[in-house]
Amino acid sequence: MTTLPASALRRIGAAFLLAMMALGLAGCGVNTIPTEEERAKAAWSEVLNQYQRRSDLIPNLVETVKGYAQQEKDVLTQVTQARANATSIKVDADTITDPAKFQQFQSAQGQLSSALGRLIAVAEAYPDLKSNQNFLALQAQIEGTENRIAVARRDYIEAVRVYNTELRTFPGVLWANTLYRGNKPMETFTVSQEQMQVPKVKFN
């Protein structure tokens, strides 16, 4: 029977010890903070994608309504300005950890939602517009996008809740104060309980 040299036994022992330490750290949740951080960032990206989709639909909707209801100049102007304001806000990786930036973003999108709702409501006073196929198609796309925005915001809120909780509770708080000291809590949307449970939007 062959006997391994002492140096080889030490290397095997060290490798085994490192493997056991790695398993022990994983079991203590050392990877949970970066995992939940990436999940929240992915959810935020989906929120931005849906807001961008809505923004892309608005110019065609404004032009369609303008063709039938030019006298609704104030409403048309409000939507155009609200869209310009919302799209002028710079959104980057720091937005979700900066309370002021996040509030600015949320406020601008909220103003655009309100203006868009008023624009859609204009159709009630214009039967020709209300029955226009292009308007109906855009209205359906806007409604679908609003519902997807609601779902994306709900998913983001939940992902941030999990991430922020991990930063503040044991054992995550230990890793947050040692290995992940640069990680900050993320901002979240203010949303009613009804919006959290029923992501269904219709303008009429």
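**Figure 1. Packing of helix H2 against helix H6.** In this predicted model, helix H2 (residues 32-68) packs on helix H6 (residues 133-168) at an angle of about 160 degrees, and the two axes are 8 Å apart. H2 and H6 are therefore roughly antiparallel to each other, since angles over 145 degrees are classed that way. The crossing in which H2 passes H6 is left-handed. The contact of H2 with H6 is made up of 20 nonpolar, seven polar and eleven charged residues.

**Figure 2. Ile 142 in helix H6.** Ile 142 has a relative accessibility of 0% and so counts as buried. Ser 55 is 87 residues away from Ile 142 along the chain, while the C-alpha atoms of the two residues are separated by 9.5 Å.

**Figure 3. Tyr 156 in helix H6.** Tyr 156 is also found in helix H6. With a relative accessible area of 0%, Tyr 156 is buried. Between Tyr 156 and Phe 189 there are 8.5 Å from C-alpha to C-alpha, and the two residues are 33 residues apart along the chain.

**Figure 4. Thr 165 in helix H6.** Thr 165 is a further residue of helix H6. Its relative accessible area is 36%, which makes Thr 165 partly exposed, because that class lies between the limits of 20% for buried and 50% for exposed. Thr 165 and Pro 185 are 20 residues apart in sequence, and their C-alpha atoms are 8.8 Å apart in space.

**Figure 5. The cis peptide bond between Phe 170 and Pro 171.** Phe 170 and Pro 171 are joined by a cis peptide bond, with omega at about 5 degrees. Pro 171 is placed in the loop between H6 and helix H7 (172-176).

**Figure 6. The two sides of helix H3.** Helix H3 (residues 73-88) has 16 residues. From its first C-alpha to its last, H3 reaches 22 Å, close to the 22 Å expected at 1.5 Å a residue. The buried residues of H3 are Val 75, Leu 76, Val 79, Ala 82 and Ala 86. Seen down the axis of H3, these buried residues fall within an arc of 130 degrees, so they line one face of the helix. On the face turned away from the buried side of H3 are the exposed residues Lys 73, Asp 74, Gln 81 and Ser 88.

**Figure 7. Packing of helix H3 against helix H4.** The axes of H3 and helix H4 (residues 99-122) come within 9 Å and cross at roughly 155 degrees. H3 is therefore roughly antiparallel to H4, because the angle is over the limit of 145 degrees. H3 and H4 make a left-handed crossing.

**Figure 8. The chain as a whole, for orientation.** The secondary structure of the chain comes to eight helices and zero strands. Along the sequence, the pattern reads α-α-α-α-α-α-α-α. The chain has 204 residues, of which 35% count as buried.

How values were computed:
Residues numbered from 1 in each chain as written. Predicted model: local features only at pLDDT ≥ 70, side-chain atom pairs only at ≥ 80, totals over all residues. Heavy atoms only, no water. Axes fitted to C-alpha atoms, helices over the stretch in contact; angles between N-to-C directions. Helix = DSSP H or I, 4+ residues; strand = E, 2+ residues; numbered from the N terminus. Parallel < 35°, antiparallel > 145°, perpendicular 65-115°, else oblique. Left-handed = near helix turned anticlockwise from the far one by under 90°. Nonpolar A, V, L, I, M, F, W, Y, C, P; charged D, E, K, R; others polar. Buried < 20%, exposed > 50% of the residue type's maximum accessible area, 1.4 Å probe, protein only. Expected span 1.5 Å × (residues − 1). Arc of directions from axis to C-beta.
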